[in-house]
Amino acid sequence: MGAGRADNCWVTTQTLTFAAARSRAHGPTAALWHAVEVHRAPVDLDGACELTVCGTLARVTTEQHWPVVATDACPACTVQAR
Ligand SMILES: [Zn+2]
């Protein structure tokens, strides 16, 4: 194995690896943006409740893209989904 370019082989310009999903506020916990791993177009998941990277349920939206620019992103998802 030489110093190849294998680290570029899975990078595509169209396919998103993660979609942004919004959890609901739950008691003292504010609503947060989470990442949902997607293997198809996020449009297909728009509005669906999916399991997030950090293991909670959140509603996928195409109005935001992961990583979100908002400051209220889930810390666990931020670390794991990048
Ligand atoms: Zn999360």
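Tutor: Let's start with Arg22, which stands opposite Trp33 in S2. Keep in mind that this is a predicted model, where local features need pLDDT of at least 70, side-chain atom pairs count only at pLDDT 80 or more, and totals for chains, interfaces and linings use all residues. Residues are numbered from 1 along each chain as its sequence is written.

Student: What makes S1 and S2 a pair?

Tutor: Two strands pair if DSSP finds at least two bridges between them. S1 and S2 have five bridges, in the antiparallel sense, so they count as paired.

Student: What joins S3 to S4?

Tutor: Three bridges do, and the two strands run antiparallel. Leu51 stands opposite Leu57 in S4. In the hairpin of S3 and S4 there are five residues between the strands, and Gly55 takes a positive phi near 95°.

Student: In what order do the four strands sit in the sheet?

Tutor: The order is S2-S1-S4-S3, in an open sheet with antiparallel pairing. S2 and S3 stand at the edges with a single partner strand each, so one side of each is left without a neighbour in the sheet.

Student: What makes something a strand or a helix in the first place?

Tutor: Both are DSSP runs, numbered from the N terminus: helices are H or I with at least four residues, strands are E with at least two. By that rule the protein has one helix and four strands, and along the sequence the pattern reads β-β-β-β-α.

Student: Why is Cys77 called buried?

Tutor: A residue is buried if 20 or more other C-beta atoms lie within 10 Å of its own, exposed if 12 or fewer, and partly exposed in between, with C-beta atoms placed from the backbone. Cys77 has 27 other C-beta atoms within 10 Å, so it's buried. You'll find Cys77 in helix H1.

Student: What does Cys77 touch?

Tutor: Leaving out residues up to four places away in sequence, Cys77 touches His34, Ala35, Thr52, Val53 and Cys54. Touching here means contact: C-beta atoms, placed from the backbone, lie within 7 Å. Cys77 and Val36 are 41 residues apart in sequence, and their C-alpha atoms are 8.6 Å apart in space.

Student: Why is strand S2 described as largely enclosed?

Tutor: Four of the five residues of S2 (residues 33-37) are buried, so the rest of the structure largely encloses this strand. Across the protein, 24% of the 82 residues count as buried.

Student: What makes a group of residues a nonpolar core?

Tutor: It's a set of buried Ala, Val, Leu, Ile, Met, Phe, Trp, Tyr and Cys residues joined through C-beta atoms within 7 Å. The largest one here has 16 residues, and Ala19, Ala20, Ala35, Val36 and Trp66 have the most contacts inside it. S1, S2 and S4 are the elements that give two or more residues to this core, and S1 gives the most, with four.

Student: Where does the cis peptide bond sit?

Tutor: It joins Trp66 and Pro67, with omega about 0°. Pro67 is in the loop between S4 and helix H1 (75-80).

Terms used: Contact = placed C-beta atoms within 7 Å.
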